[in-house]
Amino acid sequence: MRLNRILLSASLIVVALVVQVSILARLQLPGAVPDLLLLTVLALAMVYGPTGGSLVGFGAGLLADLAPPADHAVGRYALVLCVMGYLAGLAKPEGGKLRSATGPLVVVVGAAISSTLLYAGVGALVGDTAARDVGLGGLLFTASLYDLLLAPFTVPWIMALARRGEHDPVSDASGGAGGDVAAGWLTSGGAKGLAIGRQRGLRARAMKSRVARAGRIKGVKRL
């Protein structure tokens, strides 16, 4: 990973973890906690691809494992986010350009369910039965609901920041969906302008040739 990727990813991950631990975890919502860290990993993975997404996910998960008040084995959430980052990176849009919001939302719901199941499964292997005591069905439903509600306010902006940090030619040239429309208008307008200019140029040449012919005819008559 390049230096700008590392710095941007580290900054976003730290901010997401601080917000999740200090704000979202204290809301006392029923069921799961909105996973802003997971959404950040998913957004970066859909820009960087599977390799970059797995590295970002592993780093983010390891940081969450070490950050207080972590009460689980170190490496557990790192494994979960590493897998989620890799899978989300496979859904990277071609050319880095999103055609609709349906794809990212499907990725968010799938990752919310898969990460909860994987986290609970790894916990069961090491003797952690907290997910079973709370109720796995309720965790799956609330995790999907909270992440889906939070995704439209986080994922597009994080992806835009990541593309800008990558100097993505698509985003630099078009500036997003609005830029694509503007570029289309400019392209069509430029083509029309060239066509009109050519037509005017041809008309001007035709008028000059007519004037020249008229001058020659008048000159002949005068002679």
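Figure 1. Of the protein's 223 residues, 34% count as buried. This is a predicted model, with nine helices and zero strands. Read from the N terminus, the elements simply go α-α-α-α-α-α-α-α-α. As for who touches whom, take the contacts with a separation of 6 or more: 74% of them come from residues 24 or more positions apart.

**Figure 2. Where helix α1 meets helix α2.** Here we zoom in on α1 (residues 3-22) and α2 (residues 36-66), whose axes come within 9 Å and cross at roughly 50°. That angle makes α1 oblique to α2, and the crossing is right-handed.

Figure 3. From α1, the contact uses R5, L8, S9, L12, I13, V14, A16, L17, V19 and Q20. On the α2 side you'll find L36, L37, T40, L44, Y48, V56, A60, L63 and A64. Sorted by class, that gives 15 nonpolar, three polar and one charged residues.

**Figure 4. Helix α4, end to end.** Helix α4 covers residues 102-125, 24 residues in total. At 1.5 Å a residue it should span 34 Å, and its end C-alpha atoms are 35 Å apart, so the two agree.

**Figure 5. The buried residues of α4.** Which residues of α4 are buried? They are P104, V107, V108, A111, A112, S115, T116, A120, V122 and G123. When looking along any such helix, keep in mind that an α-helix has 3.6 residues a turn, so residues three or four places apart point the same way.

Notes: Residues numbered from 1 in each chain as written. Predicted model: local features only at pLDDT ≥ 70, side-chain atom pairs only at ≥ 80, totals over all residues. Heavy atoms only, no water. Axes fitted to C-alpha atoms, helices over the stretch in contact; angles between N-to-C directions. Helix = DSSP H or I, 4+ residues; strand = E, 2+ residues; numbered from the N terminus. Parallel < 35°, antiparallel > 145°, perpendicular 65-115°, else oblique. Left-handed = near helix turned anticlockwise from the far one by under 90°. Contact = heavy atoms within 4.5 Å. Nonpolar A, V, L, I, M, F, W, Y, C, P; charged D, E, K, R; others polar. Expected span 1.5 Å × (residues − 1). Buried < 20%, exposed > 50% of the residue type's maximum accessible area, 1.4 Å probe, protein only.
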